[in-house]
Amino acid sequence: MPDFFSQTIWLIPCYALIGAGLALPWSPGFIRRTGPRPAGYVNALMTFMAFVHSLIALIQTWKQPPYSLSFEWLNAPGLTISLDLEVSSVALGACVLITGLNLVAQIYAIAYLEMDWGWARLYSLLGLFEAGMCLLVLCSSLFFSYVILEILTLGTYLIVGIWYNQSLVVTGARDAFLTKRVGDLILLMAVVALLPLSGTWNFRELALWAQTVDLDPTVATLLALALIAGPVAKCAQFPLHLWLDEAMEGPYPATILRNTVVVSTGAWVLIKVQPILALSPLGSSVVFAIGAATAVGTSLISVAQIDVKRVLSYLTSAYLGIIFIAVGVGATQAALVLLLAYALAMSLLIMSTGGIVLNNISQDLTQYGGLWSRRPISGLCLMVGGLSLIALPPFAGFWSLVPIADALWDNHPPLFAVVLAVNAIVAFSVTRLFGRMFAGVVTDFTRRSPEGLWLLVLPMTVVAGVTLHLPLLFVQWQMLPDWAVVNPVLAVLLTGSSVAGIGLGALVYLNPNWPKPVKLSSQALQDFFAYDFYTPQLYKGTIIFAVDRISRAVYWLDRYIIDGAVNLVGLATVFSGETLKYNTSGRSQFYAFSIILSVAIFIVLTIFPYVSSL
(Lines give C-alpha, C1' and ligand atoms only; values in the text may rest on other atoms or scores of the structure.)
Protein backbone atom coordinates (compact mmCIF):
# COMPACT_ATOMS: atom_id res chain seq x y z
CA MET A 1 0.00 0.00 0.00
CA PRO A 2 2.75 2.57 0.68
CA ASP A 3 3.86 2.33 -2.96
CA PHE A 4 0.36 2.22 -4.41
CA PHE A 5 0.41 5.75 -5.79
CA SER A 6 3.86 5.43 -7.34
CA GLN A 7 2.99 2.03 -8.85
CA THR A 8 -0.16 3.43 -10.43
CA ILE A 9 1.24 6.61 -11.99
CA TRP A 10 -0.43 5.59 -15.24
CA LEU A 11 -3.67 6.73 -13.59
CA ILE A 12 -2.49 10.37 -13.51
CA PRO A 13 -3.27 11.04 -17.20
CA CYS A 14 -6.49 9.04 -16.89
CA TYR A 15 -8.07 11.44 -14.40
CA ALA A 16 -8.05 14.26 -16.93
CA LEU A 17 -9.38 12.02 -19.70
CA ILE A 18 -12.23 10.87 -17.46
CA GLY A 19 -13.06 14.48 -16.66
CA ALA A 20 -13.01 15.38 -20.36
CA GLY A 21 -15.36 12.49 -21.13
CA LEU A 22 -17.75 13.39 -18.31
CA ALA A 23 -17.93 16.98 -19.61
CA LEU A 24 -19.32 15.96 -23.00
CA PRO A 25 -23.01 15.73 -21.92
CA TRP A 26 -22.88 19.47 -21.15
CA SER A 27 -22.04 20.42 -24.70
CA PRO A 28 -24.77 22.61 -26.23
CA GLY A 29 -26.36 19.68 -28.04
CA PHE A 30 -27.19 17.65 -24.93
CA ILE A 31 -27.82 19.29 -21.55
CA ARG A 32 -29.03 22.88 -21.52
CA ARG A 33 -31.12 23.23 -18.38
CA THR A 34 -28.24 23.24 -15.90
CA GLY A 35 -26.05 25.47 -18.05
CA PRO A 36 -22.45 24.58 -18.92
CA ARG A 37 -20.93 25.13 -15.45
CA PRO A 38 -21.03 21.48 -14.23
CA ALA A 39 -18.58 20.59 -17.02
CA GLY A 40 -16.01 22.89 -15.44
CA TYR A 41 -16.61 21.64 -11.90
CA VAL A 42 -16.24 17.99 -12.94
CA ASN A 43 -12.97 18.66 -14.76
CA ALA A 44 -11.59 20.75 -11.89
CA LEU A 45 -12.39 17.92 -9.47
CA MET A 46 -10.64 15.32 -11.64
CA THR A 47 -7.62 17.60 -12.06
CA PHE A 48 -7.45 18.03 -8.29
CA MET A 49 -7.43 14.24 -7.90
CA ALA A 50 -4.58 14.00 -10.43
CA PHE A 51 -2.67 16.69 -8.51
CA VAL A 52 -3.07 14.84 -5.21
CA HIS A 53 -2.03 11.53 -6.79
CA SER A 54 1.05 13.15 -8.34
CA LEU A 55 2.02 14.84 -5.08
CA ILE A 56 1.73 11.66 -2.99
CA ALA A 57 3.64 9.66 -5.61
CA LEU A 58 6.37 12.35 -5.60
CA ILE A 59 6.69 12.08 -1.84
CA GLN A 60 6.94 8.29 -2.06
CA THR A 61 9.66 8.38 -4.73
CA TRP A 62 11.65 11.34 -3.38
CA LYS A 63 15.39 10.62 -3.45
CA GLN A 64 14.63 7.08 -4.65
CA PRO A 65 16.32 5.66 -7.76
CA PRO A 66 14.07 5.78 -10.83
CA TYR A 67 12.51 2.60 -12.13
CA SER A 68 10.48 1.70 -15.19
CA LEU A 69 7.05 0.32 -15.99
CA SER A 70 6.43 -1.18 -19.42
CA PHE A 71 3.20 -2.01 -21.27
CA GLU A 72 3.41 -3.92 -24.55
CA TRP A 73 1.49 -2.12 -27.26
CA LEU A 74 2.42 -4.00 -30.45
CA ASN A 75 4.10 -7.36 -30.95
CA ALA A 76 4.77 -8.27 -34.57
CA PRO A 77 7.49 -10.39 -36.19
CA GLY A 78 10.67 -8.34 -35.96
CA LEU A 79 9.00 -5.39 -34.21
CA THR A 80 7.89 -4.91 -30.62
CA ILE A 81 6.65 -1.50 -29.46
CA SER A 82 6.14 -0.91 -25.74
CA LEU A 83 4.85 2.05 -23.79
CA ASP A 84 7.68 2.62 -21.30
CA LEU A 85 7.00 4.78 -18.24
CA GLU A 86 9.68 6.12 -15.92
CA VAL A 87 8.87 6.57 -12.23
CA SER A 88 11.26 9.27 -11.03
CA SER A 89 11.19 12.38 -8.88
CA VAL A 90 11.77 14.61 -11.91
CA ALA A 91 8.89 13.13 -13.91
CA LEU A 92 6.48 13.21 -10.97
CA GLY A 93 7.57 16.73 -10.08
CA ALA A 94 6.69 17.74 -13.64
CA CYS A 95 3.28 16.08 -13.19
CA VAL A 96 2.70 18.10 -10.01
CA LEU A 97 3.55 21.29 -11.91
CA ILE A 98 1.29 20.41 -14.87
CA THR A 99 -1.72 19.36 -12.81
CA GLY A 100 -1.26 22.27 -10.41
CA LEU A 101 -1.14 24.88 -13.17
CA ASN A 102 -4.06 23.25 -14.97
CA LEU A 103 -6.11 23.34 -11.76
CA VAL A 104 -5.25 27.02 -11.36
CA ALA A 105 -6.21 27.68 -15.00
CA GLN A 106 -9.53 25.87 -14.58
CA ILE A 107 -10.43 27.84 -11.45
CA TYR A 108 -9.40 31.02 -13.25
CA ALA A 109 -11.61 30.06 -16.21
CA ILE A 110 -14.70 29.76 -13.99
CA ALA A 111 -14.66 33.53 -13.52
CA TYR A 112 -13.04 34.52 -16.83
CA LEU A 113 -15.55 32.60 -19.00
CA GLU A 114 -18.54 33.01 -16.72
CA MET A 115 -20.96 33.91 -19.51
CA ASP A 116 -19.43 31.68 -22.18
CA TRP A 117 -21.34 28.61 -23.35
CA GLY A 118 -18.21 26.83 -24.55
CA TRP A 119 -17.29 25.43 -21.13
CA ALA A 120 -17.59 21.78 -22.12
CA ARG A 121 -15.25 22.20 -25.08
CA LEU A 122 -12.74 24.37 -23.20
CA TYR A 123 -12.53 22.17 -20.12
CA SER A 124 -12.40 18.99 -22.17
CA LEU A 125 -9.48 20.40 -24.17
CA LEU A 126 -7.72 21.53 -20.97
CA GLY A 127 -8.13 17.95 -19.76
CA LEU A 128 -6.71 16.65 -23.04
CA PHE A 129 -3.66 18.90 -22.63
CA GLU A 130 -3.18 17.78 -19.03
CA ALA A 131 -3.42 14.10 -19.93
CA GLY A 132 -1.05 14.47 -22.88
CA MET A 133 1.58 16.44 -20.98
CA CYS A 134 1.49 14.15 -17.93
CA LEU A 135 1.88 11.12 -20.14
CA LEU A 136 4.70 12.85 -22.04
CA VAL A 137 6.79 13.55 -18.92
CA LEU A 138 6.19 10.02 -17.63
CA CYS A 139 6.89 8.42 -21.01
CA SER A 140 10.35 7.01 -21.66
CA SER A 141 9.80 6.18 -25.33
CA LEU A 142 10.67 8.49 -28.22
CA PHE A 143 8.01 6.90 -30.41
CA PHE A 144 5.18 7.53 -27.96
CA SER A 145 6.57 10.96 -27.16
CA TYR A 146 6.14 11.80 -30.83
CA VAL A 147 2.58 10.44 -30.80
CA ILE A 148 1.75 12.57 -27.75
CA LEU A 149 3.24 15.67 -29.36
CA GLU A 150 0.95 15.09 -32.33
CA ILE A 151 -2.06 14.92 -30.01
CA LEU A 152 -0.99 18.16 -28.34
CA THR A 153 -0.66 19.79 -31.77
CA LEU A 154 -4.26 18.85 -32.53
CA GLY A 155 -5.29 20.13 -29.10
CA THR A 156 -3.58 23.46 -29.80
CA TYR A 157 -5.55 23.81 -33.03
CA LEU A 158 -8.84 23.10 -31.26
CA ILE A 159 -8.32 25.28 -28.19
CA VAL A 160 -6.94 28.26 -30.11
CA GLY A 161 -9.91 28.06 -32.48
CA ILE A 162 -12.52 27.65 -29.76
CA TRP A 163 -14.14 31.00 -30.70
CA TYR A 164 -14.39 29.89 -34.31
CA ASN A 165 -16.77 32.70 -35.37
CA GLN A 166 -13.84 35.17 -35.36
CA SER A 167 -11.61 35.31 -38.42
CA LEU A 168 -8.37 36.02 -36.52
CA VAL A 169 -9.03 33.03 -34.27
CA VAL A 170 -9.48 30.72 -37.24
CA THR A 171 -6.30 32.06 -38.86
CA GLY A 172 -4.32 31.68 -35.63
CA ALA A 173 -5.48 28.10 -35.10
CA ARG A 174 -4.66 27.17 -38.69
CA ASP A 175 -1.21 28.75 -38.63
CA ALA A 176 -0.37 27.16 -35.28
CA PHE A 177 -1.33 23.73 -36.58
CA LEU A 178 0.50 24.03 -39.91
CA THR A 179 3.67 25.50 -38.39
CA LYS A 180 3.90 22.71 -35.84
CA ARG A 181 3.27 20.14 -38.54
CA VAL A 182 6.41 21.29 -40.38
CA GLY A 183 8.56 20.42 -37.37
CA ASP A 184 6.59 17.24 -36.62
CA LEU A 185 7.12 15.87 -40.13
CA ILE A 186 10.91 16.27 -39.90
CA LEU A 187 10.93 14.87 -36.36
CA LEU A 188 9.06 11.79 -37.61
CA MET A 189 11.89 11.14 -40.07
CA ALA A 190 14.36 11.09 -37.18
CA VAL A 191 12.13 8.80 -35.10
CA VAL A 192 11.84 6.30 -37.96
CA ALA A 193 15.55 6.46 -38.81
CA LEU A 194 16.70 6.05 -35.21
CA LEU A 195 15.20 2.59 -34.63
CA PRO A 196 17.34 0.64 -37.15
CA LEU A 197 20.43 2.53 -35.97
CA SER A 198 20.01 2.03 -32.23
CA GLY A 199 17.51 -0.83 -32.02
CA THR A 200 15.41 1.00 -29.42
CA TRP A 201 13.25 4.03 -28.74
CA ASN A 202 13.72 3.98 -24.97
CA PHE A 203 15.37 7.20 -23.76
CA ARG A 204 17.66 5.50 -21.23
CA GLU A 205 18.78 2.89 -23.73
CA LEU A 206 19.31 5.61 -26.33
CA ALA A 207 21.55 7.50 -23.90
CA LEU A 208 23.63 4.36 -23.30
CA TRP A 209 23.78 3.70 -27.04
CA ALA A 210 24.98 7.26 -27.69
CA GLN A 211 27.86 6.79 -25.24
CA THR A 212 29.35 3.84 -27.14
CA VAL A 213 28.24 4.15 -30.77
CA ASP A 214 30.65 5.09 -33.53
CA LEU A 215 28.29 6.86 -35.90
CA ASP A 216 29.18 8.36 -39.26
CA PRO A 217 29.47 12.16 -38.80
CA THR A 218 27.09 12.89 -41.68
CA VAL A 219 24.46 10.51 -40.32
CA ALA A 220 24.88 11.93 -36.82
CA THR A 221 24.44 15.48 -38.12
CA LEU A 222 21.34 14.66 -40.17
CA LEU A 223 19.84 12.78 -37.23
CA ALA A 224 20.51 15.65 -34.84
CA LEU A 225 19.05 18.27 -37.18
CA ALA A 226 15.90 16.20 -37.68
CA LEU A 227 15.49 15.73 -33.92
CA ILE A 228 15.84 19.48 -33.41
CA ALA A 229 13.07 20.39 -35.87
CA GLY A 230 10.19 19.18 -33.72
CA PRO A 231 11.20 21.08 -30.54
CA VAL A 232 11.95 24.21 -32.62
CA ALA A 233 8.33 24.30 -33.80
CA LYS A 234 6.84 23.34 -30.42
CA CYS A 235 8.87 25.97 -28.54
CA ALA A 236 8.20 28.74 -31.09
CA GLN A 237 11.86 29.26 -32.01
CA PHE A 238 13.22 31.00 -35.09
CA PRO A 239 12.18 30.52 -37.84
CA LEU A 240 8.99 28.72 -36.69
CA HIS A 241 8.04 31.22 -33.99
CA LEU A 242 5.12 33.15 -35.47
CA TRP A 243 2.43 30.65 -34.46
CA LEU A 244 2.65 31.45 -30.73
CA ASP A 245 1.81 35.11 -31.28
CA GLU A 246 -1.25 34.20 -33.37
CA ALA A 247 -2.27 31.49 -30.89
CA MET A 248 -2.78 34.21 -28.27
CA GLU A 249 -6.18 34.81 -29.90
CA GLY A 250 -7.46 31.93 -27.76
CA PRO A 251 -8.95 32.39 -24.26
CA TYR A 252 -6.70 33.69 -21.48
CA PRO A 253 -7.18 30.60 -19.24
CA ALA A 254 -5.87 28.42 -22.07
CA THR A 255 -2.93 30.82 -22.44
CA ILE A 256 -1.94 30.10 -18.83
CA LEU A 257 -1.37 26.48 -19.74
CA ARG A 258 -0.05 26.97 -23.27
CA ASN A 259 2.57 29.63 -22.55
CA THR A 260 3.95 27.85 -19.48
CA VAL A 261 3.98 24.08 -19.90
CA VAL A 262 2.54 23.28 -23.33
CA VAL A 263 5.31 25.09 -25.19
CA SER A 264 7.79 23.49 -22.79
CA THR A 265 6.95 19.99 -24.05
CA GLY A 266 9.28 20.52 -27.00
CA ALA A 267 12.08 21.52 -24.62
CA TRP A 268 11.38 18.42 -22.51
CA VAL A 269 11.85 16.14 -25.53
CA LEU A 270 14.95 18.10 -26.55
CA ILE A 271 16.46 17.50 -23.11
CA LYS A 272 15.67 13.80 -23.39
CA VAL A 273 17.43 13.41 -26.75
CA GLN A 274 20.42 15.60 -25.80
CA PRO A 275 22.82 12.60 -25.66
CA ILE A 276 22.03 11.94 -29.34
CA LEU A 277 22.47 15.60 -30.25
CA ALA A 278 25.89 15.54 -28.59
CA LEU A 279 27.03 12.99 -31.20
CA SER A 280 27.16 15.85 -33.71
CA PRO A 281 29.08 19.03 -32.88
CA LEU A 282 27.20 20.78 -35.65
CA GLY A 283 23.86 19.64 -34.19
CA SER A 284 24.73 21.05 -30.75
CA SER A 285 25.90 24.28 -32.34
CA VAL A 286 22.63 24.61 -34.25
CA VAL A 287 20.66 24.14 -31.03
CA PHE A 288 22.31 26.97 -29.14
CA ALA A 289 22.52 29.14 -32.27
CA ILE A 290 18.75 28.90 -32.75
CA GLY A 291 18.25 29.54 -29.04
CA ALA A 292 20.53 32.58 -29.03
CA ALA A 293 18.95 34.10 -32.14
CA THR A 294 15.44 33.55 -30.77
CA ALA A 295 16.25 34.83 -27.29
CA VAL A 296 17.80 38.07 -28.52
CA GLY A 297 15.35 38.65 -31.35
CA THR A 298 12.08 37.96 -29.52
CA SER A 299 13.13 39.85 -26.38
CA LEU A 300 13.80 42.92 -28.54
CA ILE A 301 10.49 42.43 -30.36
CA SER A 302 8.61 42.27 -27.03
CA VAL A 303 9.84 45.75 -26.13
CA ALA A 304 8.24 47.21 -29.26
CA GLN A 305 4.78 45.66 -28.83
CA ILE A 306 1.72 47.52 -27.56
CA ASP A 307 -0.47 44.41 -27.27
CA VAL A 308 -0.31 42.75 -23.85
CA LYS A 309 -0.58 39.22 -25.21
CA ARG A 310 2.07 39.83 -27.85
CA VAL A 311 4.51 41.04 -25.18
CA LEU A 312 3.99 37.84 -23.20
CA SER A 313 4.19 35.57 -26.24
CA TYR A 314 7.57 36.95 -27.32
CA LEU A 315 8.91 36.75 -23.76
CA THR A 316 7.91 33.08 -23.82
CA SER A 317 9.95 32.43 -26.96
CA ALA A 318 12.89 34.35 -25.47
CA TYR A 319 13.09 32.21 -22.33
CA LEU A 320 12.70 28.99 -24.24
CA GLY A 321 15.60 30.24 -26.36
CA ILE A 322 17.73 30.37 -23.20
CA ILE A 323 16.71 26.77 -22.50
CA PHE A 324 17.85 25.83 -26.01
CA ILE A 325 21.21 27.44 -25.24
CA ALA A 326 21.48 25.36 -22.05
CA VAL A 327 20.65 22.13 -23.87
CA GLY A 328 23.08 22.96 -26.65
CA VAL A 329 25.99 23.20 -24.20
CA GLY A 330 24.87 20.10 -22.26
CA ALA A 331 23.49 21.83 -19.13
CA THR A 332 20.29 19.78 -19.08
CA GLN A 333 19.82 19.85 -15.29
CA ALA A 334 20.01 23.65 -15.30
CA ALA A 335 17.51 23.72 -18.18
CA LEU A 336 15.00 21.71 -16.11
CA VAL A 337 15.37 24.10 -13.17
CA LEU A 338 14.80 27.09 -15.46
CA LEU A 339 11.70 25.42 -16.91
CA LEU A 340 10.21 25.18 -13.42
CA ALA A 341 11.01 28.77 -12.45
CA TYR A 342 9.88 30.12 -15.82
CA ALA A 343 6.54 28.25 -15.78
CA LEU A 344 5.47 29.72 -12.42
CA ALA A 345 6.67 33.26 -13.24
CA MET A 346 5.02 33.36 -16.67
CA SER A 347 1.73 31.96 -15.35
CA LEU A 348 1.72 34.78 -12.81
CA LEU A 349 2.29 37.41 -15.52
CA ILE A 350 -0.54 35.97 -17.60
CA MET A 351 -3.03 35.78 -14.75
CA SER A 352 -2.26 39.27 -13.41
CA THR A 353 -2.81 40.85 -16.85
CA GLY A 354 -5.73 38.59 -17.80
CA GLY A 355 -8.09 39.97 -15.18
CA ILE A 356 -7.25 43.51 -16.29
CA VAL A 357 -7.89 42.72 -19.96
CA LEU A 358 -11.21 41.08 -19.03
CA ASN A 359 -12.35 44.11 -17.04
CA ASN A 360 -11.15 46.80 -19.45
CA ILE A 361 -11.89 44.93 -22.71
CA SER A 362 -8.64 46.07 -24.28
CA GLN A 363 -5.19 44.60 -24.88
CA ASP A 364 -3.65 47.91 -26.00
CA LEU A 365 -1.01 49.06 -23.52
CA THR A 366 -1.32 52.67 -24.66
CA GLN A 367 -4.86 52.77 -23.24
CA TYR A 368 -3.79 51.77 -19.73
CA GLY A 369 -2.33 53.64 -16.78
CA GLY A 370 -2.86 54.43 -13.12
CA LEU A 371 -4.05 50.95 -12.10
CA TRP A 372 -1.84 50.72 -9.00
CA SER A 373 -4.40 52.56 -6.84
CA ARG A 374 -7.24 50.42 -8.19
CA ARG A 375 -5.73 46.94 -8.53
CA PRO A 376 -2.85 46.62 -6.03
CA ILE A 377 -3.10 42.82 -5.78
CA SER A 378 -2.75 42.41 -9.54
CA GLY A 379 0.14 44.87 -9.49
CA LEU A 380 1.97 42.99 -6.74
CA CYS A 381 1.46 39.68 -8.51
CA LEU A 382 2.81 41.12 -11.76
CA MET A 383 5.83 42.44 -9.88
CA VAL A 384 6.48 39.03 -8.31
CA GLY A 385 6.16 37.30 -11.69
CA GLY A 386 8.42 39.78 -13.44
CA LEU A 387 11.12 39.75 -10.75
CA SER A 388 11.03 35.94 -10.62
CA LEU A 389 11.56 35.80 -14.37
CA ILE A 390 14.89 37.64 -14.35
CA ALA A 391 18.19 37.10 -12.53
CA LEU A 392 17.56 39.19 -9.44
CA PRO A 393 18.28 37.66 -6.02
CA PRO A 394 16.62 36.29 -3.98
CA PHE A 395 13.95 35.41 -6.54
CA ALA A 396 13.81 32.04 -8.33
CA GLY A 397 14.91 33.37 -11.71
CA PHE A 398 18.33 34.23 -10.32
CA TRP A 399 18.93 30.74 -8.90
CA SER A 400 17.83 29.11 -12.16
CA LEU A 401 19.94 31.34 -14.44
CA VAL A 402 23.17 31.13 -12.42
CA PRO A 403 23.86 27.44 -13.30
CA ILE A 404 23.33 28.19 -16.99
CA ALA A 405 25.63 31.20 -16.82
CA ASP A 406 28.22 29.09 -15.00
CA ALA A 407 28.11 26.49 -17.78
CA LEU A 408 28.72 29.23 -20.35
CA TRP A 409 31.30 31.31 -18.44
CA ASP A 410 34.48 29.44 -19.38
CA ASN A 411 33.72 27.62 -22.62
CA HIS A 412 31.16 29.85 -24.35
CA PRO A 413 31.73 33.52 -23.46
CA PRO A 414 29.66 34.84 -26.42
CA LEU A 415 26.65 32.82 -25.25
CA PHE A 416 27.15 34.17 -21.72
CA ALA A 417 27.02 37.66 -23.20
CA VAL A 418 23.78 36.68 -24.97
CA VAL A 419 22.20 35.54 -21.69
CA LEU A 420 23.27 38.79 -20.02
CA ALA A 421 21.80 40.88 -22.82
CA VAL A 422 18.54 38.91 -22.92
CA ASN A 423 18.17 39.14 -19.14
CA ALA A 424 18.59 42.93 -19.28
CA ILE A 425 16.13 43.30 -22.17
CA VAL A 426 13.55 41.09 -20.45
CA ALA A 427 13.94 43.15 -17.25
CA PHE A 428 13.32 46.30 -19.28
CA SER A 429 10.32 44.73 -21.05
CA VAL A 430 8.68 43.56 -17.82
CA THR A 431 9.25 46.99 -16.21
CA ARG A 432 7.72 48.57 -19.30
CA LEU A 433 4.68 46.29 -19.00
CA PHE A 434 4.23 47.21 -15.33
CA GLY A 435 4.77 50.92 -15.97
CA ARG A 436 2.31 51.13 -18.87
CA MET A 437 -0.44 49.38 -16.89
CA PHE A 438 0.00 50.47 -13.27
CA ALA A 439 2.00 53.73 -13.32
CA GLY A 440 1.10 57.08 -14.81
CA VAL A 441 -2.26 58.78 -14.85
CA VAL A 442 -5.65 57.14 -14.92
CA THR A 443 -7.18 56.86 -18.41
CA ASP A 444 -10.77 56.54 -19.54
CA PHE A 445 -10.24 52.79 -19.83
CA THR A 446 -8.91 52.36 -16.29
CA ARG A 447 -11.06 54.87 -14.42
CA ARG A 448 -13.44 52.11 -13.33
CA SER A 449 -11.28 49.04 -12.96
CA PRO A 450 -11.56 47.38 -9.54
CA GLU A 451 -9.99 44.02 -8.64
CA GLY A 452 -11.70 41.11 -10.34
CA LEU A 453 -13.79 38.33 -8.90
CA TRP A 454 -12.22 36.28 -6.13
CA LEU A 455 -11.91 33.32 -8.51
CA LEU A 456 -9.54 35.47 -10.56
CA VAL A 457 -7.60 36.79 -7.58
CA LEU A 458 -7.30 33.59 -5.54
CA PRO A 459 -5.37 31.49 -8.11
CA MET A 460 -3.12 34.46 -8.82
CA THR A 461 -2.21 34.99 -5.16
CA VAL A 462 -1.64 31.27 -4.56
CA VAL A 463 0.78 31.07 -7.49
CA ALA A 464 2.47 34.24 -6.26
CA GLY A 465 3.01 32.63 -2.86
CA VAL A 466 4.47 29.47 -4.42
CA THR A 467 6.71 31.56 -6.67
CA LEU A 468 8.04 33.58 -3.73
CA HIS A 469 8.81 30.39 -1.80
CA LEU A 470 10.41 28.61 -4.75
CA PRO A 471 13.99 29.54 -3.71
CA LEU A 472 13.33 27.92 -0.31
CA LEU A 473 12.10 24.82 -2.12
CA PHE A 474 15.31 24.85 -4.18
CA VAL A 475 17.23 24.75 -0.90
CA GLN A 476 15.17 21.82 0.39
CA TRP A 477 15.52 19.96 -2.88
CA GLN A 478 19.29 20.66 -3.03
CA MET A 479 18.92 22.24 -6.47
CA LEU A 480 21.03 25.34 -5.82
CA PRO A 481 24.47 25.60 -7.43
CA ASP A 482 27.60 24.86 -5.44
CA TRP A 483 28.96 28.31 -4.65
CA ALA A 484 32.38 26.85 -4.00
CA VAL A 485 32.83 26.34 -7.73
CA VAL A 486 30.64 29.14 -9.11
CA ASN A 487 32.45 32.32 -10.08
CA PRO A 488 30.90 35.17 -8.03
CA VAL A 489 31.67 37.60 -10.85
CA LEU A 490 29.04 36.07 -13.11
CA ALA A 491 26.43 36.32 -10.34
CA VAL A 492 27.27 40.01 -9.98
CA LEU A 493 27.06 40.49 -13.74
CA LEU A 494 23.67 38.78 -13.91
CA THR A 495 22.34 40.89 -11.07
CA GLY A 496 23.80 44.01 -12.63
CA SER A 497 22.11 43.31 -15.97
CA SER A 498 18.76 42.91 -14.18
CA VAL A 499 19.23 46.14 -12.23
CA ALA A 500 20.27 47.96 -15.42
CA GLY A 501 17.18 46.74 -17.28
CA ILE A 502 14.83 47.62 -14.42
CA GLY A 503 16.50 50.98 -13.91
CA LEU A 504 16.26 51.98 -17.55
CA GLY A 505 12.66 50.77 -17.73
CA ALA A 506 11.77 52.73 -14.58
CA LEU A 507 13.49 55.84 -15.93
CA VAL A 508 11.32 55.73 -19.02
CA TYR A 509 8.02 54.22 -17.94
CA LEU A 510 7.77 55.18 -14.26
CA ASN A 511 8.79 58.75 -15.01
CA PRO A 512 5.72 60.95 -15.63
CA ASN A 513 7.89 63.56 -17.38
CA TRP A 514 9.01 61.16 -20.11
CA PRO A 515 6.70 61.55 -23.14
CA LYS A 516 4.75 58.44 -24.10
CA PRO A 517 4.43 56.49 -26.27
CA VAL A 518 8.19 56.29 -26.64
CA LYS A 519 9.45 56.68 -30.18
CA LEU A 520 12.89 55.96 -31.54
CA SER A 521 14.69 58.53 -33.63
CA SER A 522 14.51 56.17 -36.57
CA GLN A 523 10.95 55.20 -37.51
CA ALA A 524 12.28 52.47 -39.80
CA LEU A 525 14.14 50.85 -36.90
CA GLN A 526 11.09 51.08 -34.66
CA ASP A 527 8.91 49.47 -37.33
CA PHE A 528 11.56 46.79 -37.84
CA PHE A 529 11.10 45.63 -34.22
CA ALA A 530 7.38 46.32 -34.02
CA TYR A 531 6.62 44.21 -37.10
CA ASP A 532 8.64 41.18 -35.97
CA PHE A 533 11.69 41.85 -38.16
CA TYR A 534 9.25 41.74 -41.10
CA THR A 535 9.30 37.96 -40.79
CA PRO A 536 5.69 37.52 -42.03
CA GLN A 537 6.49 39.60 -45.11
CA LEU A 538 9.66 37.58 -45.63
CA TYR A 539 7.63 34.36 -45.53
CA LYS A 540 5.12 35.79 -47.99
CA GLY A 541 7.86 36.81 -50.39
CA THR A 542 9.78 33.53 -50.26
CA ILE A 543 8.13 30.35 -49.00
CA ILE A 544 4.50 31.31 -49.55
CA PHE A 545 5.30 32.82 -52.96
CA ALA A 546 7.21 29.68 -54.03
CA VAL A 547 4.47 27.33 -52.80
CA ASP A 548 1.83 29.45 -54.55
CA ARG A 549 3.70 29.36 -57.87
CA ILE A 550 4.38 25.65 -57.64
CA SER A 551 0.74 25.01 -56.78
CA ARG A 552 -0.42 27.04 -59.77
CA ALA A 553 1.97 25.15 -62.06
CA VAL A 554 0.78 21.79 -60.73
CA TYR A 555 -2.83 22.92 -61.13
CA TRP A 556 -2.21 23.94 -64.76
CA LEU A 557 -0.44 20.64 -65.48
CA ASP A 558 -3.24 18.64 -63.88
CA ARG A 559 -6.01 20.65 -65.52
CA TYR A 560 -4.71 20.95 -69.06
CA ILE A 561 -2.21 18.12 -69.56
CA ILE A 562 -3.35 15.20 -67.43
CA ASP A 563 -7.05 15.97 -67.53
CA GLY A 564 -6.67 17.03 -71.17
CA ALA A 565 -5.15 13.70 -72.14
CA VAL A 566 -7.87 11.80 -70.30
CA ASN A 567 -10.57 13.96 -71.86
CA LEU A 568 -9.00 13.43 -75.31
CA VAL A 569 -9.14 9.66 -74.89
CA GLY A 570 -12.74 9.91 -73.74
CA LEU A 571 -13.65 12.17 -76.66
CA ALA A 572 -11.99 9.81 -79.13
CA THR A 573 -13.87 6.90 -77.64
CA VAL A 574 -17.20 8.72 -77.85
CA PHE A 575 -16.48 9.84 -81.44
CA SER A 576 -15.45 6.38 -82.59
CA GLY A 577 -18.46 4.85 -80.86
CA GLU A 578 -20.79 7.32 -82.49
CA THR A 579 -19.14 6.56 -85.85
CA LEU A 580 -19.28 2.79 -85.50
CA LYS A 581 -22.91 2.73 -84.47
CA TYR A 582 -23.85 3.50 -88.09
CA ASN A 583 -22.06 0.29 -89.17
CA THR A 584 -24.39 -1.79 -87.03
CA SER A 585 -26.68 -3.45 -89.60
CA GLY A 586 -27.55 -6.71 -87.84
CA ARG A 587 -26.02 -8.87 -90.63
CA SER A 588 -23.52 -11.53 -89.48
CA GLN A 589 -21.62 -11.61 -92.77
CA PHE A 590 -20.89 -7.88 -92.49
CA TYR A 591 -19.50 -8.33 -88.96
CA ALA A 592 -17.31 -11.23 -90.13
CA PHE A 593 -16.03 -9.15 -93.04
CA SER A 594 -15.17 -6.28 -90.66
CA ILE A 595 -13.19 -8.60 -88.37
CA ILE A 596 -11.29 -10.20 -91.27
CA LEU A 597 -10.51 -6.80 -92.77
CA SER A 598 -9.21 -5.51 -89.43
CA VAL A 599 -6.99 -8.54 -88.95
CA ALA A 600 -5.64 -8.20 -92.50
CA ILE A 601 -4.81 -4.51 -91.94
CA PHE A 602 -3.06 -5.43 -88.68
CA ILE A 603 -0.98 -8.14 -90.39
CA VAL A 604 -0.01 -5.79 -93.25
CA LEU A 605 1.10 -3.10 -90.84
CA THR A 606 3.11 -5.63 -88.84
CA ILE A 607 5.04 -7.17 -91.76
CA PHE A 608 5.43 -3.98 -93.78
CA PRO A 609 8.86 -3.06 -92.26
CA TYR A 610 10.25 -6.49 -93.14
CA VAL A 611 8.89 -6.39 -96.73
CA SER A 612 10.25 -2.89 -97.31
CA SER A 613 13.73 -3.97 -96.11
CA LEU A 614 13.77 -6.88 -98.62
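This is a predicted model: local features need pLDDT of at least 70, side-chain atom pairs count only at pLDDT 80 or more; totals for chains, interfaces and linings use all residues.
Trp 409 is partly exposed, because its relative accessible area of 24% lies between the 20% and 50% limits.

Trp 409 and Phe 416 form an aromatic pair. Their ring centres are 5.0 Å apart.

## Other aromatic pairs

The whole structure holds 15 aromatic pairs. One of them joins Phe 398 and Trp 399. The centres of these two rings are 5.0 Å apart. The planes of Phe 398 and Trp 399 stand at 80°, so this pair is edge-to-face; the angle needed is over 60 degrees.

Are Phe 398 and Trp 399 buried or exposed? Phe 398 is buried, with a relative accessible area of 4%. Trp 399 is buried too, at 16%.

Ring pairs also build a cluster. Its members are Trp 73, Phe 143, Phe 144 and Trp 201.

## The nonpolar core

How many residues does the largest nonpolar core have? It has 170. The residues with the most contacts inside this core are Ile 9, Leu 142, Leu 227, Leu 312, Tyr 319 and Leu 389. Helix H16, spanning residues 332–360, gives the most to the core: 18 residues.

## Around Ile 9

Ile 9 is one of the core residues with the most contacts. Set aside its neighbours within four places in sequence.

Notes: Residues are numbered from 1 along each chain as its sequence is written. Side-chain values use heavy atoms; hydrogens and water are left out. A nonpolar core is a set of buried Ala, Val, Leu, Ile, Met, Phe, Trp, Tyr and Cys residues joined through side-chain atoms within 4.5 Å. Buried means under 20% relative accessible area, exposed over 50%, partly exposed in between (1.4 Å probe, protein chains only). Helices (H or I, at least four residues) and strands (E, at least two) are DSSP runs, numbered from the N terminus. Contact means heavy atoms within 4.5 Å. Rings of Phe, Tyr and Trp (its six-membered ring) pair if their centres lie within 6.5 Å; planes under 30 degrees apart count as stacked, over 60 as edge-to-face and the rest as tilted.
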